[in-house]
Amino acid sequence: MSLEFSADSQRKIADLCERYPSKKPVVLAALHLAQKEFGHLSDDALRLVASTLELPYPHVYGVATFYTMFRREPGGRQTLRVCTNVSCMLRGAYPVLESFERELGLERGESNAEFSLVEEECIAACANAPAVLCGTRYFLDVTPEGVREIVQYLKKHPHPEGEVA
Amino acid sequence: MPTERGTKVVTARFGNEDARTIAGYEKSGGYQALRKALGMRPEDIVNEVKASNLRGRGGAGFHTGVKWTFVPKDATDVHLVCNCDESEPGTCKDRELVYWDPHLLIEGMIIAAFALKARVNYIYIRGEMMREVEVLRRAVEEAYQRGYLGDSVLGTGFACHLTVHRGAGAYICGEETALLNSLEGERGQPRLKPPFPAVKGLFGNPTIVNNVETLMNVPFIVQNGGKWFSDLGVGRSGGTRVVCVSGHVQRPGVYELPMGITFREIIDEVCGGALPGRTVKAVIPGGSSMPPLDADELDVPCEFDALQTDERIKVVQVRPGQDFDMGGGRKLRTMAGSGGIVVADDSTDIPMFVWRIMKFYAHESCGQCTPCREGVAWMEKVAKRVAYKKGHPGDLDLLGSIAHGIAGNTICALGEAAAWPMMGFLTKFRADFEARMAQSTVVAGAGGGRAA
């Protein structure tokens, strides 16, 4: 099955190509847009990025699999990124992550239709540890007891990452 | 929020919602330094920055003005790239700086670009910082609308373009040559140096890569002069220092402080001290890649040179009795790094804490150099079994020797970023590791210390 970018994404990619001396530097942006539109980066999505930017498929594959934000398998509509790096760890990040696992019925690294639960490295919110990121929204000074409220809030006010492509 | 202590430079607009828009920024004095700079000769701006003793705030602490002079004199297609890939564990200043004062960064970049004669410029921002991507994109658009960016900045004929380039999740892209590869649409793997980016960088052109906080200081240097900025600091380090204090203190936060304030003052006076009933045990002085300080070393100043040379800081060892040699007999104490200060108190499980640091660097190794790819993953495995009471006889020396084998043998500093804290924690907290080894359930001779 061959995929097509929406008119909006095609326009964004064309505009970005004007900002660089060649099309290759637009690959990350095009991959972000493809993930936004198709939910994950299937082989077909990678082929679409390759043909749009006139790049070899293996190059696009190599880039897509290097960066952790790109996913090759379907995931949840929203991604919960729970930092467990040192600053957050000292402030109780692992009990917070375990609380998310219980609340969502997911283990770290797993997804359901609504959420992907990711054990994240430092998200640069160390002064308010433990910190959790969902799209453009940071949750700060999170406690295991506060996890349910965060999940309920996000179900009502979703923050999919694709909003910023 | 910063406490009232000393002069505020780059955090002066923190908390001021109005100044986050271009109108509010202009009202609070914004873009005046740019007008002044456009009336100066580019080389005079470079000289002021040199005189200011501004040093890179991303980690290495290199003199910014000196870095700028590395661009060949006759170069035409020069690029300026802002490194906003903040991902060093414990570091959260650039994200706050960008959120509160996006136009200060843009103004600093236009001035720096004018001084460097750089017309096509980029901000490389971490992929996860989606909120800040939006903040910066909106601010850049505003700056174009007002004529601060475009084919003729404020009608002067100086063309300056700026594009926000979003990454996609890779710590290594904070290393400047990996960042340039990533910006070019490659995997983010570091390049061999030389050639240095100032000679051959982005798209093969001379390129200066500067950190967010570094560039935000530039408008103030232009406005007030290099000497003013140098006098704000101490010794060869000009200006203030933005630190991010996290972990076991009463008031963690992002604080702009006088250069040279001691760690004890930061912890006790600025941050309200240790948590109730606790005492400070270990302090990471500038992001998790820096060797730690112990409780006896907190009276040293938080300043680039002091952290490398102050003799009150113990020398990092490979194993007891053998100092680590950085090359040419240079000893390693620690470094100021990124300003990420992580405070761990006496409740901290040090072996587990160190394993978490190793887990991070093992995950983030780009895989290009064998000593880093294999060595850091090996350290992670051994550190984990030590932490979980499964250590094999000789594991502590093994960790030191793996770290020693990595340091200095890789293209970029990610290898050191893992090796230095490993050796540093073993040097200063060996008793914690030995106590854990004494609890190990692995019988001598049964496993073999060399297995990994």
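Modeller: In the classes used here, Ala, Val, Leu, Ile, Met, Phe, Trp, Tyr, Cys and Pro count as nonpolar, Asp, Glu, Lys and Arg as charged, and the others, Gly among them, as polar. Please also keep in mind that this is a predicted model.

Colleague: How do the residues of the lining of the second largest pocket divide into those classes?

Modeller: That lining has twelve nonpolar, 15 polar and 16 charged residues. The pocket itself has a volume of about 800 Å³.

Colleague: Which residues lie nearest its centre?

Modeller: Of the 43 residues that line the second largest pocket, those nearest its centre are A:Thr68, A:Met69, A:Thr79, A:Arg81 and A:Val118.

Colleague: And which helices and strands supply at least two residues of the lining?

Modeller: From chain A, these are helix 2 (27-38), strand 1 (78-83) and strand 2 (115-120), and from chain B, helix 13 (350-364). Strand 2 of chain A gives the largest share, with five residues.

Colleague: What does the domain assignment give for chain A?

Modeller: Chain A is assigned domain 1, covering 7-64, and domain 2, covering 78-163. The C-alpha centres of these two domains of chain A are 29 Å apart.

Colleague: Let us turn to cavities. How many of 30 Å³ or more does a search of the whole structure find?

Modeller: The search finds one. The largest cavity has a volume of about 80 Å³.

Colleague: Which residues line the largest cavity?

Modeller: The lining belongs to chain B and includes B:Ile172, B:Pro190, B:Thr410 and B:Leu414, as well as the cysteines B:Cys366, B:Cys369, B:Cys372 and B:Cys412. By class, eight lining residues are nonpolar, four are polar and none is charged.

Colleague: With those cysteines in mind, how many disulfides are there over all chains?

Modeller: The count is zero. A disulfide is a covalent bond between the sulfur atoms of two cysteines. The cut-off applied to a pair of cysteine sulfur atoms is within 2.5 Å.

Conventions
Residues are numbered from 1 along each chain as its sequence is written. Chains are lettered from A and ligands numbered from 1 in the order in which they are written. This is a predicted model: local features need pLDDT of at least 70, side-chain atom pairs count only at pLDDT 80 or more; totals for chains, interfaces and linings use all residues. Side-chain values use heavy atoms; hydrogens and water are left out. Domain bounds come from an automatic or database domain assignment. On a 1 Å grid over the protein atoms alone, a cavity is a set of points where a 1.4 Å probe fits but cannot get out, and a pocket is an open set with protein on both sides within 12 Å along at least five of seven lines; lining residues have an atom within 4 Å of a point. Grid points are joined across faces, edges and corners, and a volume is the space filled by probe spheres set on the points. Helices (H or I, at least four residues) and strands (E, at least two) are DSSP runs, numbered from the N terminus.
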